[in-house]
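Here is a short report for a first look at a protein model. Take a moment with the sequence and the structure before reading on.

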Amino acid sequence: MAERSTAAVDVADNSGEKLLAAKADEATADGTAEAQDSTDRKSQDADGRLHPSESSLPTPDLHSGHKLARRYRLEECITRLDGFSSWRAVDEKLRRAVGVHVLPADHPRARSVLAAARSAALLGDPRFVQVLDAVEEDDLVYVVHEWLPDATELTSLLAAGPMEAHDAYQLVSQISQAMAAAHREGLAHLRLTPGAVLRSSTGQYRIRGLTVNAALRGITSDKPQRADTEAIGALLYAALTQRWPYETDAYGLSGLPKGMGLIAPDQVRAGVHRGLSELAMRALANDGATASRQEQPCTTPDELAKAVSAMPRIRPPEPAFTAPPEYQRTTYQQGTYRRPPAGPGVAATAPVPVPPAPLQSRTGKALKWAVSALLIAALGLGSWQLAEKFLGQGDDSGTDSTQTTSPSPDNKPLAAPKPLRLDSALEFMPSGSGISPEDASKAVDGDPGSAWITHRYVGYANFGNLSPRRDGSGIVVDLGSVQNIRGVEIEMFRGGQKAEVLAAAPDATAPSSLADFPQHLTKLETVGSELKQTLDKPVRARFVLVHITELPSDGTSDGYRGGISEISVLG
């Protein structure tokens, strides 16, 4: 068995560092210090060599209730470690929960943490927990990021047991695609552990701590793509087996037996999906050697994402069928209703009452007569209307013979479409970089006065003819579940934009490219200040994309700018 790198393990000795309020099973913890971190912490390079970290540094003297920038009120300290602390806080300006990392401005890693946070903030990919602010102020450096109270940490999911094959497939597929997009922008994670992965209530995975978690601990790597790929392989291995693929226990998981080397997941636990087992072995540092095949190893997240895409799709398990309860006969049918008691020593032989035949009772006969009378009346009314229509057509008096008849119950018009509830809105970023992702919610806030607005582009209407914008941009709205879509009503920020409305496939979970939206609700054309469309036939989908490919003039000779004010999906 080939020697494996330990860059993804990130486990140091547990010599007694006391973590404040560390909760391994809490989804909203910031995940930047698991129980493996200690006072005598060590960092690792890409080849697995350990070297001592900086000496223990004092953390800022902060307390609950302290305010940063007169805006972020610290609530609960999650981690206090190696000169920095992590907090759950409240953004009093926007009235929302946030997470905050704080360290002294003279900390040896303060500059690298600021640079990492600002680089991560520019990515704007919704698959990552977003960095909201990175500031140096009052001798402190602090990084503010999203807080997801409804998400569940992967550590908690793994504590409950191994994942089903479909869930593990979704995990490796979404994480590898997200990290491939990050590496295309030159960003690495280097600390992709179960504590850094969250699953939302809709089944989408979010990665937190991109570049920042490693910068806080001074972790670097000569081979960042290899390190992140091996980390994804370790997550897949743990999802399939509920074991950590190294000899050391970590993240609440038992390690592999000592001296055995790397064992394929399908040899650790029975019933593991063979294709996923081989994929985990290819991602881990074992030169791609498996028991049955000699596949090339996956050394980058992009290679791993392509290998996942090449696999046959794993469908979710069929829901378990629950047999209906056994039919219980009533006492009347069992013949015990008003049965006279049997005399001593005499067997009860009273006959079982037989219910009358259908429609032979007094009520049944009355119902038959009522139905017959209705049928006769309907036939008479239809004959009268038909005769009057023909008589009217043969009338030579020149009067209008058109008769107005009441609509038949069978031809009732469908109820008018009503707006569906929109769960969330994200900016469409097929290249991974956004325009104004923080303003995407303004397109669904019910206020036409607010809008998601593009930057000003010069020279070309197709977003300045820039390569990252070759597929345009727009807003993706999430309906929360698959719905019957009967129309759309969209208020554009400015008329003259070339736009269309698309819908993803019903089984889509995290659409991010144009290919993920195969259903056309409108055609691509230049629209005015409103884009409205009622569909002849409902379309089933959960995700709807308002796609803009060209922008209108902003009133200058060479400038172009557009946007979306309000989106309403009808059902």
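## Overall make-up

What share of the contacts in the protein chain with a separation of 6 or more comes from residues 24 or more positions apart? Such residues account for 69% of those contacts. Keep in mind that this is a predicted model.

The protein chain has nine helices and 21 strands. It contains 571 residues, and 45% of them are buried. The chain exposes about 29700 Å². Carbon and sulfur atoms supply 52% of that area.

## Aromatic pairs

The structure holds five aromatic pairs. One of them joins Y72 and Y142, with ring centres 6.4 Å apart. Their planes stand at 65 degrees, so the pair is edge-to-face; the cut-off for that label is over 60 degrees. Y72 sits in strand 4 (residues 72–81) and Y142 in strand 8 (residues 140–146), so the pair ties together parts that are 70 residues apart in sequence. Y72 and Y142 are both buried.

W244 and Y251 form another edge-to-face aromatic pair. Here the centres are 5.1 Å apart, and the planes make an angle of 70 degrees. W244 is buried, and so is Y251. Ring pairs also bring in Y246: W244, Y246 and Y251 are linked into a cluster.

## A nonpolar surface patch

Which residues form a nonpolar patch on the surface? They are L367, V371 and L375. Together they have about 280 Å² of accessible area.

L367 belongs to helix 9, which covers residues 362–393. L367 has a relative accessible area of 49%, so it counts as partly exposed.

Key: Residues are numbered from 1 along each chain as its sequence is written. This is a predicted model: local features need pLDDT of at least 70, side-chain atom pairs count only at pLDDT 80 or more; totals for chains, interfaces and linings use all residues. Side-chain values use heavy atoms; hydrogens and water are left out. Patches are made of residues with over 30% relative accessible area and no salt bridge: like charges are joined within 9 Å, nonpolar side chains (Val, Leu, Ile, Met, Phe, Trp, Tyr) within 5 Å. Accessible areas come from the Shrake-Rupley method with a 1.4 Å probe; for residues, only the protein chains shown count as cover. A salt bridge is a side-chain nitrogen of Lys or Arg within 4 Å of a carboxyl oxygen of Asp or Glu. Helices (H or I, at least four residues) and strands (E, at least two) are DSSP runs, numbered from the N terminus. Buried means under 20% relative accessible area, exposed over 50%, partly exposed in between (1.4 Å probe, protein chains only). Contact means heavy atoms within 4.5 Å. Rings of Phe, Tyr and Trp (its six-membered ring) pair if their centres lie within 6.5 Å; planes under 30 degrees apart count as stacked, over 60 as edge-to-face and the rest as tilted.
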